[in-house]
Amino acid sequence: MELPRLDPGVLARFAALEDLTGTLSDALDQLGLRGAVPAMELPPNLPGARVVGQAVTVRNVERTGGVTRNAEDGKSRMGEQEAYNLAGPGDVVVIEGLPDASNMGGQSATLAQRAGCAGAIIDGAYRDPQVSRELGLPLWARGVTPITGKWRLQTAEINGRVRIAGVSVDAGDLVAADEAGVVFVPFEQVEAVLRAAEHIDQGDARQRSDIAAGIDQAALAQTKYK
């Protein structure tokens, strides 16, 4: 019911990284961790979108009974709205979902935004794209669909472990996303990844400065920046 919380100062340091997901991906490589998902798999809905927050997780599974019968029954078993009740301001909703049916519609996006969620990562589809755009709510998902999830999926778990593009994500893990993709950092590894990322970020800044200063390529090649 309650997430382990990171210090706001730690989140601010992540957000200050110049090349957010690229730097974090490099840091994960150095530490032997896997957690980066490229935008070619989960593209953002908003140009220039960028978020850093903690994961509130939702796991959806296929619903049995058949679409027509479930629609006649009239009872939705989608429960992602419960995640918004547990989310704190700045949290990121992370949904393991179905690829063709909607795992988040316009009403759901409105509730997420009202709850203060920074955005959502959806391994699956969503619908009503104009609503999330108008709200300025950034989403990273496999695509958009007109097909409702109400009669096709059910929420099996909130704040349990989910898999997003093959990456395991637990509630409370750090989520960083921008135009290049999404990076998940396990809660227990946040400090180590942040130290590595800041070292890489500082090296990149020095390299950019040297390039701008006109230092020749031979000297640049011989300088260790990371």
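**Pocket lining**

I looked up which helix gives the most to the lining of the largest pocket. It is α5, with 3 residues. The model I am reading is a predicted one. Two elements give two or more residues to this lining: α4 (80-86) and α5 (106-114). I then took the whole lining, which comes to 15 residues. M78, G105, Q107, S108 and K150 lie nearest the centre of the pocket. For the volume I noted about 240 Å³. By class, I found 9 polar residues, 4 charged and 2 nonpolar in the lining.

**Helix α5**

I stayed with α5 and asked which of its residues are buried. I found G106, S108, A109 and A112. They cover an arc of only 160° around the axis, so they sit on the same side of α5. On the other side of the helix, Q107 and R114 are exposed.

I then checked S108 against V131, which is 23 residues away along the chain. Their C-alpha atoms are separated by 9.8 Å.

**Loop between β5 and β6**

Next I went to the loop between β5 (139-144) and β6 (153-158), where T148 lies. T145 is found in this loop too. Is T145 buried or exposed? It counts as buried, because its relative accessibility is 9%. For T148 I read 16%, so T148 counts as buried as well.

Both threonines have a side chain by a backbone nitrogen. The side chain of T145 reaches the backbone nitrogen of I147 at 3.1 Å. For T148, a polar atom of the side chain lies 3.1 Å from the backbone nitrogen of K150.

**Helix α2**

I tested the length of helix α2 (residues 20-31). At 1.5 Å a residue, its 12 residues should span 16 Å. The end C-alpha atoms are 17 Å apart, which agrees. Which residues of α2 are buried? I listed L20, T21, T23, L24, A27 and L28. They cover an arc of only 160° around the axis, and therefore lie on the same side of α2. After the helix comes G32, whose phi is positive, near 70°.

L194 is buried, because its relative accessible area is 0%. L194 and L28 are 166 residues apart along the chain. Their C-alpha atoms are separated by 9.8 Å.

A196 also lies in α7. With a relative accessible area of 12%, A196 is buried.

My last search was for backbone angles. Most residues other than glycine have a negative phi.

D128 has a positive phi, near 55°, and is not a glycine. I placed D128 in the loop between β4 (119-126) and α6 (129-135). Its relative accessibility is 28%, so D128 counts as partly exposed.

A165 has a positive phi of about 50°, again in a residue that is not a glycine. Where is A165? I found A165 in the loop between β7 (162-164) and β8 (167-169). A165 is buried, because its relative accessible area is 15%.

Key. Residues are numbered from 1 along each chain as its sequence is written. This is a predicted model: local features need pLDDT of at least 70, side-chain atom pairs count only at pLDDT 80 or more; totals for chains, interfaces and linings use all residues. Side-chain values use heavy atoms; hydrogens and water are left out. On a 1 Å grid over the protein atoms alone, a cavity is a set of points where a 1.4 Å probe fits but cannot get out, and a pocket is an open set with protein on both sides within 12 Å along at least five of seven lines; lining residues have an atom within 4 Å of a point. Grid points are joined across faces, edges and corners, and a volume is the space filled by probe spheres set on the points. Helices (H or I, at least four residues) and strands (E, at least two) are DSSP runs, numbered from the N terminus. Ala, Val, Leu, Ile, Met, Phe, Trp, Tyr, Cys and Pro count as nonpolar, Asp, Glu, Lys and Arg as charged, and the others, Gly among them, as polar. The expected span of a helix is 1.5 Å times one less than its number of residues. Buried means under 20% relative accessible area, exposed over 50%, partly exposed in between (1.4 Å probe, protein chains only). The arc is that of the directions from the helix axis to the C-beta atoms. A polar contact is a pair of N or O atoms within 3.5 Å; within protein, one must be able to donate a hydrogen and the other to accept it, and residues adjacent in sequence count only if both atoms are side-chain atoms.
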